[in-house]
Amino acid sequence: MGKGGGCVPSKKRMPLATSNDVPKTAVDVPINVDDKSLPADSTPTRGVTISSPPAKLKIYIVYYSMYGHVEGLAKRMKKGIDGIEGVEGFLYRVPETLSDEILEKMKAPPKDNSIPLISTAELASADGFLFGFPTRYGCMAAQMKSFFDSTGQLWKEQKLAGKPAGFFVSTGTQGGGQETTAWTAITQLAHHGMLFVPIGYTFGAGMFKMDSIRGGSPYGAGVYAGDGTREPTETELALAEHQGKYMAAVVKRLAPV
């Protein structure tokens, strides 16, 4: 995007709307009615079909958060996903690699144990992903990198190939890597054959506001943590919710019919 007017969408391109249309995955299954199992006053109905409700598509929100900033975005992201019919978001933490002693010295708050840890094997059951992490010199934190490093078996079997995924991040300063942290993480998806889904400028006017400090970029939602005490703004949280809705719409489009 140049310094002029930004990106101008083509008039011929169909917009990717966060539609609530349910993917056409339901199948009418004929049910055989056993006459003997019916009550005495019941009349068997021939040719009855019962439509089982379609299984919801699953988006795993997998994150690492030291001071709670990434976790705040993750929870708001789930709200956006759950707002799209036929899709459900699931929150998961990746394992911590630092000792309790080190975390205490870093004044890191306790983890939310109501959100389960995820194993690499569980990733295969998701239809899409949103990975969140703080930056470390423009790259993902070591805890998330360690998790990706343990997905070798999934890579060997290509269990994640073709699945869509996006990123959201936290940085300490405005020049701390809101874009670079997500950009350098794309290599993880490329080796798995996964599809990177950025949000672009689909957030609309909120992407262009200059009246307040705001994390996030066309790569995904983001938050500025400062020294760890700054809380996410409503604009940053709204962008995270939008990313959840946007990813849910993409996953629905890619779902088999």
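Are Phe 131 and Phe 167 buried or exposed? Both residues are buried in this predicted model.

The structure contains 11 aromatic pairs. In one of them, the ring centres of Phe 131 and Phe 167 are 6.4 Å apart and the ring planes meet at 40°, so the pair is classed as tilted. Because Phe 131 belongs to strand β5 and Phe 167 to strand β7, the pair ties together parts that are 36 residues apart in sequence. Phe 131 and Phe 167 also belong to one aromatic cluster, whose members include Tyr 60, Phe 90, Tyr 92, Phe 196 and Tyr 219.

**Helix α1**

Helix α1 covers residues 69-82, a total of 14 residues. From its first C-alpha to its last it reaches 21 Å, close to the expected 20 Å. Among its buried residues are Val 70, Leu 73, Ala 74, Met 77 and Ile 81, together with Glu 71 and Arg 76. The buried residues of α1 pack against strands β3, β4, β5, β7 and β9, and against helix α7 (234-254).

**Salt bridges**

In the whole structure, 10 salt bridges are found.

| Asp 112 | Lys 75 | 3.3 Å |

Asp 82 and Lys 78 are both in helix α1, and because they are four residues apart, about one helical turn separates them. Asp 82 is partly exposed at 36% relative accessibility, and Lys 78 is partly exposed at 22%.

Lys 245 and Glu 241 are four residues apart in helix α7, about one turn of the helix. Lys 245 has a relative accessible area of 30% and is partly exposed, whereas Glu 241, at 13%, counts as buried.

**Nonpolar surface patch**

Tyr 67, Leu 98, Ile 102 and Met 106 make a nonpolar surface patch of about 290 Å². Met 106 lies in the loop between α2 (100-105) and β5, and its relative accessibility of 35% makes it partly exposed.

Methods:
Residues numbered from 1 in each chain as written. Predicted model: local features only at pLDDT ≥ 70, side-chain atom pairs only at ≥ 80, totals over all residues. Heavy atoms only, no water. Helix = DSSP H or I, 4+ residues; strand = E, 2+ residues; numbered from the N terminus. Expected span 1.5 Å × (residues − 1). Buried < 20%, exposed > 50% of the residue type's maximum accessible area, 1.4 Å probe, protein only. Contact = heavy atoms within 4.5 Å. Patch = residues over 30% accessible without salt bridge, like charges linked within 9 Å, V, L, I, M, F, W, Y side chains within 5 Å. Areas by Shrake-Rupley, 256 points an atom, 1.4 Å probe, with all protein chains shown as cover. Salt bridge = Lys/Arg side-chain N within 4 Å of Asp/Glu carboxyl O. Phe/Tyr/Trp six-rings, centres within 6.5 Å; stacked < 30°, edge-to-face > 60°.
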